[in-house]
Amino acid sequence: MMLLWENMKLAFSAIRINKMRSFLTMLGIIIGIAAVISIVSIGDTMRGVIADQFAGIGVNRVDVYLQSDDDTYDDSDLFSGDDIDKIRDTFGSNIEYLSGASNQKAVLIRNRTSENVIFNPVREGYTKVQPVDVVQGRMIDGKDNDGEKKNVVLEEKTAMKLFKTTNIVGRKIKVSYDSSSGSEVSEFSIVGVYRNSQTPLGKLLSGGSTEKAYIPESLVFNSDSEAFDLDMFVSPDANAQQFEKIFTGYVARLKNKNISNVVYYTAKSDMQSIDSIMSKLSAAVGAIAAISLLVGGIGIMNIMLVSVTERTREIGIRKALGARTIDILVQFLTESAIISAAGGVIGTSIGVGVVMIGGAVFGIRVIVNPITVIVAVCFSAAVGIFFGMFPARKAAKADPITALRYE
Amino acid sequence: MREIIRITNLEKVYDTGSVQVKALKGINFLVNEGEYVAIMGQSGSGKSTLMNILGCLDRPTSGTYLLDGEDVSSYSDDKLSWLRNKKIGFVFQSFNLISRTSSIKNVELPMIYAKVPATQRRKKAQELLEKVGLSQRMDHMPNELSGGQRQRVAIARALANDPPLILADEPTGNLDTASSVEIMELFTKLNNEGATVIIVTHEDDIAQFTKRIIRFRDGEIISDSEVKKS
């Protein structure tokens, strides 16, 4: 083991003697490792962004609707207020929040300006399951629902476009929307303003830039109007799989349908499938980038062969003075491993640096997995040892008599 | 008297496929501890072949070679490496110092392979360089030294592991007359201190420094005689 330290000193001095050549040899590994690290980190970061996105939707959120076998629907496929109440009573605390869902478009009109929004009907308790950053006034509450009050909470930017200010609590706005009795225009009171703090990338991923406007659920779903979808948050304490089974069974019985007609869609399963696609994708691209490591490794092999030939005489001297085959082998392997590990460290710094700078520029929380870094550096050293093996064996096998005569 | 070298019926045949060349044709000789021997002969006489075998760099085709009591004829490559490290101090015609490596590091080299601890190694290397008169040149690179100085570094290196045998192959071949004399005087001094020294040379002047000359021709010993000091 004493020889290992000697060999490392020897390797460093050999690298120092041929600085330029050693650097150029390292370059292949540097580029390869930097590429792998940055690609894998970009992949991890994207997965993080998507996870945040789904956390925004709500990981325990379920969209429930009925789908008939022939893709048509009638009234029996809709959920009435009664249905919703029954479900709520049956499942109690296993359901944190339940309301009818709609993605109804509405047009807000003030003087000559108008702004498209999506009506998002909510009940009391919505903010407990899905945080809403209310910056002015308040969120829709139970009283709004009980009184079927025409109250609305607007997004900050919508407010700015219509009123040029966010200080609009208590003001009125005209809204044109489709109700159960056909298209209608009503006046709503603005009770609050919230801020959507999604990043531009997040908005892109959530598909669309139309802001939501929160209104009382009771305005949309009442005795004459029924919901296509249920917007449900399952309690995190509930066993998700078991709950799904019981819930779909219950809904099927309630609506007199087959279980297969009850669609139980969770963001979580979507997130998992996207996450798995993303991780496979980044692994695949990373693997392609790893090919450059192979090229870098061949570069190391090439230069080590040159080095072995140049130092034939030195090898002869060392052997004559008592170096065993293994000593020479380890000497050259140490040198190639150090060259490529150094390349790995430099490449890692560059890769991480590039990703960090990119993250800072785009305002994204960057994820650099330490395991990726460790694996990359170990892999680069392994590349060095693997590709150094052939030249080192060539050196180790040299016949001392011939090697000593080598000019 | 301790026998350092006992060679019995030693043969070396180079098989080049179609032709077999007998480089050594059954030679016998004995070298005792403390002897100072010159091996002489023209090129092609087989003295280089003998030198390689004596230095454990090559194995004989037949016959036995006892080095300090060990029969090395059948040793493996690694065992031979170990033997060279412990038993033989080499001095070569072309010095064979490792370039871009300081004198002291060159002297330390055999001790590295003998696994001598670093501090002890350094101390011994300093002592040896002082002994050969290079205490001022310890950190010089070989290309900063004269031929005679390089050969003295090589001699210091040969002494590093206190080998029972010092084997010098044309040690003055690349040196001018003055340096040659210096180097031979150094060998004489080492021999006077008890070292066993074998010098392979084709120069009579050089051989005259020794006490015994073995002459080779065509793979055979043609004479083996004491040197008469005038």
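Start with chain B and select helix α1(B), residues 47-54: 7 of its 8 residues are buried. Buried means under 20% relative accessible area, exposed means over 50%, and partly exposed is in between, with a 1.4 Å probe and protein chains only. Helices (H or I, at least four residues) and strands (E, at least two) are DSSP runs, numbered from the N terminus.

This is a predicted model: local features need pLDDT of at least 70, side-chain atom pairs count only at pLDDT 80 or more, and totals for chains, interfaces and linings use all residues. Residues are numbered from 1 along each chain as its sequence is written, chains are lettered from A and ligands numbered from 1 in the order in which they are written, and side-chain values use heavy atoms, leaving out hydrogens and water.

**Stop 1: around α1(B)**

Show the side chains of the helix. The buried residues are Lys47(B), Thr49(B), Leu50(B), Met51(B), Asn52(B), Ile53(B) and Leu54(B). Now step just past the helix to Cys56(B). Its phi is positive, about 60 degrees.

**Stop 2**

Chain B holds 7 helices and 10 strands. Its C-alpha trace spans about 50 × 45 × 40 Å along the principal axes. How does its radius of gyration compare with that of a compact globule of 230 residues? Chain B has 17 Å and the globule would be near 17 Å, so the two agree. The radius is taken over C-alpha atoms, and the globule rule is 2.2 Å times the number of residues to the power 0.38.

Colour by burial next: 53% of the 230 residues count as buried. The accessible surface is about 10100 Å², with 46% belonging to carbon and sulfur atoms. Areas come from the Shrake-Rupley method with a 1.4 Å probe; for residues, only the protein chains shown count as cover.

Then pick out the charges. Chain B has 30 positive and 30 negative charges, and their mean positions are 4 Å apart. Lys and Arg count as positive, Asp and Glu as negative; His and the chain ends are not counted. Each charge is placed at NZ of Lys, CZ of Arg, CG of Asp or CD of Glu.

**Stop 3**

Switch to chain A. It has 14 helices and 11 strands. The C-alpha trace spans about 105 × 50 × 35 Å along its principal axes.

Colour by domain. Domain 1 takes in 2-53 + 274-405, and domain 2 covers 61-267. These bounds come from an automatic or database domain assignment. The domain centres, taken over C-alpha atoms, are 55 Å apart.

Buried residues make up 46% of this chain. Its 42 positive and 43 negative side chains have centres 13 Å apart.

**Stop 4: Asn60(A)**

Select Asn60(A), in the loop between α2 (19-57) and β1 (61-66). Is Asn60(A) buried or partly exposed? It counts as partly exposed because its relative accessibility is 26%. Beyond neighbours within four places in sequence, Asn60(A) contacts Met232(A), Phe233(A), Val234(A) and Pro236(A). Contact means heavy atoms within 4.5 Å. Now draw a C-alpha distance to Thr266(A): 7.3 Å in space, 206 residues in sequence.

**Stop 5: Arg88(A)**

Finish on helix α3 of chain A, residues 81-91, which holds Arg88(A). Leaving out residues up to four places away, Arg88(A) touches Leu98(A), Ser99(A), Arg123(A) and Glu217(A). From Arg88(A) to Met232(A) is 10.0 Å, C-alpha to C-alpha, across 144 residues of sequence.
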